[in-house]
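Reader: I have a structure open on my screen. Can you walk me through it?
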Amino acid sequence: MGAATRAQQVDTSPDLSERDREILDFENRHWTYAGSKEQGIKDLFDLSATRYYQILNQLIDSESALAHKPLLIKRLRRDRSRRQRSRSMRRLGIES
């Protein structure tokens, strides 16, 4: 593997802020209880859960975030698509 290839793999994602990287790292954790995650959002980022998820949704669409944490971003994109499909089906009266 050449130096250029290694440099591409060690992408520090300069387009992501430190907070963005911290949010992605935080989101990558596994939470047993929803309340503990909400409290962690407040304690670590001083954000409401609503604002946190708004920022996270912007990150999910970001190519820089995809380069930084590809497995996480792909999983979050799938989860979001699944939720959107489920909501659409409920609105149309289709049960899954």
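Author: One term before we start. Buried means under 20% relative accessible area, and exposed means over 50%. This is a predicted model. With that cut-off, the buried residues of helix 3 are Lys37, Gly40, Ile41 and Phe45.

Reader: How are those four placed around the axis of helix 3?
Author: They sit on the same side of helix 3, because they cover an arc of only 105 degrees around its axis.

Reader: What do the buried residues of helix 3 pack against?
Author: Their partners are helix 2 (18-27) and helix 4.

Reader: Back up a bit. How many helices and strands does the chain have?
Author: Six helices and zero strands. The pattern along the sequence reads α-α-α-α-α-α.

Reader: And what share of the chain is buried?
Author: 26% of the 96 residues count as buried. As for contacts with a separation of 6 or more, 48% link residues 24 or more positions apart.

Reader: What about pLDDT?
Author: The chain has a mean pLDDT of 86, and 84% of its residues reach 70 or more. Over residues 1-11 the pLDDT stays under 50. The model has four contacts beyond four places in sequence for that stretch. Where pLDDT is low, the predicted coordinates should not be read in detail.

Reader: Noted. What comes just after helix 3?
Author: Asp46, with a positive phi of about 50 degrees. Asp46 is not a glycine. Most residues other than glycine have a negative phi. Asp46 belongs to the loop between helix 3 (34-45) and helix 4.

Reader: Is Asp46 buried or exposed?
Author: Exposed, because its relative accessibility is 57%.

Reader: Now helix 4. Which of its residues are buried?
Author: Tyr52, Ile55, Leu56, Leu59 and Ile60. They fall within an arc of 145 degrees seen down the axis, so they line one face of helix 4.

Reader: Why would residues three or four places apart point the same way?
Author: Because an α-helix has 3.6 residues a turn.

Reader: Which exposed residues are on the face turned away from the buried side of helix 4?
Author: Thr50 and Gln58.

Reader: And what does the buried side pack against?
Author: The buried residues of helix 4 pack against helix 2, helix 3, helix 5 (63-68) and helix 6.

Reader: Zoom in on Tyr52. Where does it lie, and what is it in contact with?
Author: Tyr52 lies in helix 4, residues 49-60. It counts as buried because its relative accessibility is 0%. Beyond its neighbours within four places in sequence, Tyr52 is in contact with Ile23, Phe26, Glu27, Lys37, Ile41, Phe45 and Leu47.

Reader: How far apart are Tyr52 and Glu38?
Author: 9.4 Å in space, C-alpha to C-alpha, and 14 residues in sequence.

Reader: Which element gives the largest share of the lining?
Author: Helix 6, with seven residues. The residues lining the largest pocket include Glu27, Tyr53, Asn57, Arg75, Asp79 and Arg87. Leu56 and Ile60 line the pocket too, and both are among the buried residues of helix 4.

Methods
Residues are numbered from 1 along each chain as its sequence is written. This is a predicted model: local features need pLDDT of at least 70, side-chain atom pairs count only at pLDDT 80 or more; totals for chains, interfaces and linings use all residues. Side-chain values use heavy atoms; hydrogens and water are left out. Helices (H or I, at least four residues) and strands (E, at least two) are DSSP runs, numbered from the N terminus. Buried means under 20% relative accessible area, exposed over 50%, partly exposed in between (1.4 Å probe, protein chains only). Contact means heavy atoms within 4.5 Å. The arc is that of the directions from the helix axis to the C-beta atoms. pLDDT is the predictor's confidence in each residue, from 0 to 100. On a 1 Å grid over the protein atoms alone, a cavity is a set of points where a 1.4 Å probe fits but cannot get out, and a pocket is an open set with protein on both sides within 12 Å along at least five of seven lines; lining residues have an atom within 4 Å of a point.
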